[in-house]
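Hello,

Here is the structure I said I would pass on. My notes on it follow below.

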Amino acid sequence: MENTLSTLFDFQRFEGNADLQLIINAVHSKYAMRELSVDEMDFIAAAGVPDLTAIKKGYSK
């Protein structure tokens, strides 16, 4: 399990990838970096959006 997680999160495999860098550069040029307002922060779900239907039924995905 630990080996699988290490493989999945190994950033160094992708760090020198020219195609990936092109995508990153395109996104950086399209969106300006700025501080979010308090109202915008209400829409952030860093851990994902829970499936409330599954929670009410007593199981999760």
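**What was found**

The chain exposes about 6,300 Å², and carbon and sulfur atoms supply 60% of that area. Accessible areas come from the Shrake-Rupley method with a 1.4 Å probe, and for residues only the protein chains shown count as cover. This is a predicted model: local features need pLDDT of at least 70, side-chain atom pairs count only at pLDDT 80 or more, and totals for chains, interfaces and linings use all residues. Residues are numbered from 1 along each chain as its sequence is written, and side-chain values use heavy atoms, with hydrogens and water left out.

Of the 61 residues, 2% count as buried (buried is under 20% relative accessible area, exposed over 50%, partly exposed in between, with a 1.4 Å probe and protein chains only). The chain has 5 helices and 0 strands (DSSP runs numbered from the N terminus: helices are H or I with at least four residues, strands E with at least two).

A nonpolar patch on the surface is formed by Phe14, Leu20, Ile23, Ile24, Val27 and Tyr31, with about 520 Å² of accessible area together. Such patches take residues with over 30% relative accessible area and no salt bridge, joining nonpolar side chains (Val, Leu, Ile, Met, Phe, Trp, Tyr) within 5 Å and like charges within 9 Å. Helix H3 (residues 18-30) gives the most, with 4 residues. Phe14 lies in helix H2 (residues 12-15) and is partly exposed at 35%.

The whole structure holds 1 salt bridge (a side-chain nitrogen of Lys or Arg within 4 Å of a carboxyl oxygen of Asp or Glu). Glu40 and Arg34 form this bridge, at 2.7 Å from N to O. Glu40 is partly exposed at 26% relative accessibility, while Arg34 is exposed at 54%.

Regards
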